[in-house]
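Please read the points below alongside the coordinates.

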Amino acid sequence: MKNAYLDLLNSKGWLILALYILSSFLLTFVDNELVTTDEVYVMYLDRMASEKYKDYDSYISDFEGDLEDLELDDEENIDFEAILIDLLFISLKYLFSVVIVSGILFGFLDLMVSQESFNFNGVYKPVLLGNFVFLLPTLISVIWFTVFQTDFEYEDLQGFRPLYLIGYLDKSDFPNWLYSLLSVVNLYDFLFVPLVAVGIRLSGFSLSFVQTLKYVAIGYFGLLITWEIIVIYILSILS
């Protein structure tokens, strides 16, 4: 396992990026075809219409646009333009998040422990590889709804947050801001940190694994908490 991880660390950054983008796209494609299908959403819209809208005119004004967009054809055509847009969106989103996280972690580590032989690549590639952890929620969702819970509705998909703390919280027990902050806590971030720490350590960082893990955890979770506080603050202003 260690040798395999070292081989990945020693590979080209663009190759890791391409592998992630391809994996993410294929997983999203499978999810859209088997789980989060148009049929499930159309059934949800129909149910909402029957429950809340007795007046046909209100139904038309509220849902006609959605239903037209999701009109199901007997023959399914591959939309290559949509595929290219999806790939571009995944690439830019992933690259942006990786560069931001890598830059902040590198700056933090360089500030805490000045080491001339350590460079940006020593953080960038481990962060690239660590992000594969965040594909797990979609993978778990696909497995769950195709194997264990094959009879599901749109609400089941919306409420399915595997390994997130929100699944064990009662919203009424917390202030809105605290509930929003706790709702993003998940196991994947706690898997991401040691994976990145291992990669940084193998990339030539001189500190022990425990010390490296400590600095990565402080830098990453500090960034995550700061970001969530900013988002919650902005949303509170807009609301």
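1. What does the accessible surface of the chain come to, and what share of it belongs to carbon and sulfur atoms? The surface is about 15,400 Å², and 62% of it belongs to carbon and sulfur atoms. Accessible areas here come from the Shrake-Rupley method with a 1.4 Å probe, and for residues only the protein chains shown count as cover.

2. On provenance: this is a predicted model, in which local features need pLDDT of at least 70 and side-chain atom pairs count only at pLDDT 80 or more, while totals for chains, interfaces and linings use all residues. Residues are numbered from 1 along each chain as its sequence is written, and side-chain values use heavy atoms, with hydrogens and water left out.

3. The chain has 11 helices and zero strands, where helices (H or I, at least four residues) and strands (E, at least two) are DSSP runs numbered from the N terminus. Of the 239 residues, 31% are buried; buried means under 20% relative accessible area, exposed over 50%, and partly exposed in between (1.4 Å probe, protein chains only). Among contacts (heavy atoms within 4.5 Å) between residues at least 6 apart in sequence, 69% join residues at least 24 apart.

4. Helix 10 (187–202) packs against helix 11 (residues 209–238) at an angle of about 130 degrees, with the axes 9 Å apart. Axes are lines fitted to C-alpha atoms, for helices over the stretch in contact, and angles run from 0 to 180 degrees between N-to-C directions. The two helices are therefore oblique to each other: angles under 35 degrees count as roughly parallel, over 145 as roughly antiparallel, 65 to 115 as roughly perpendicular and the rest as oblique. The crossing of helix 10 and helix 11 is right-handed; the near helix is then turned clockwise from the far one by less than a right angle, and anticlockwise in a left-handed crossing. Residues in this contact include F190, F192 and V196 of helix 10 and L213, V216 and F221 of helix 11. By class, the contact has 15 nonpolar, one polar and two charged residues. Ala, Val, Leu, Ile, Met, Phe, Trp, Tyr, Cys and Pro count as nonpolar, Asp, Glu, Lys and Arg as charged, and the others, Gly among them, as polar.

5. Helix 10 also meets helix 6 (residues 121–130), where the axes come within 8 Å and cross at roughly 145 degrees. This crossing is right-handed too. On the helix 6 side are G122, V123, P126, V127 and G130, which meet F192, V196, G199 and I200 of helix 10. The contact has six nonpolar, three polar and no charged residues.

6. Leaving aside neighbours within four places in sequence, D31 contacts T36, T138, S141 and V142. Not counting residues up to four places away, S183 touches R161, Y164 and I166.

7. L163 has a positive phi of about 65 degrees although it is not a glycine. Its place is the loop between helix 8 (154–158) and helix 9, and at 43% relative accessibility L163 counts as partly exposed.

8. I104, in helix 5 (residues 80–112), is partly exposed at 37%.
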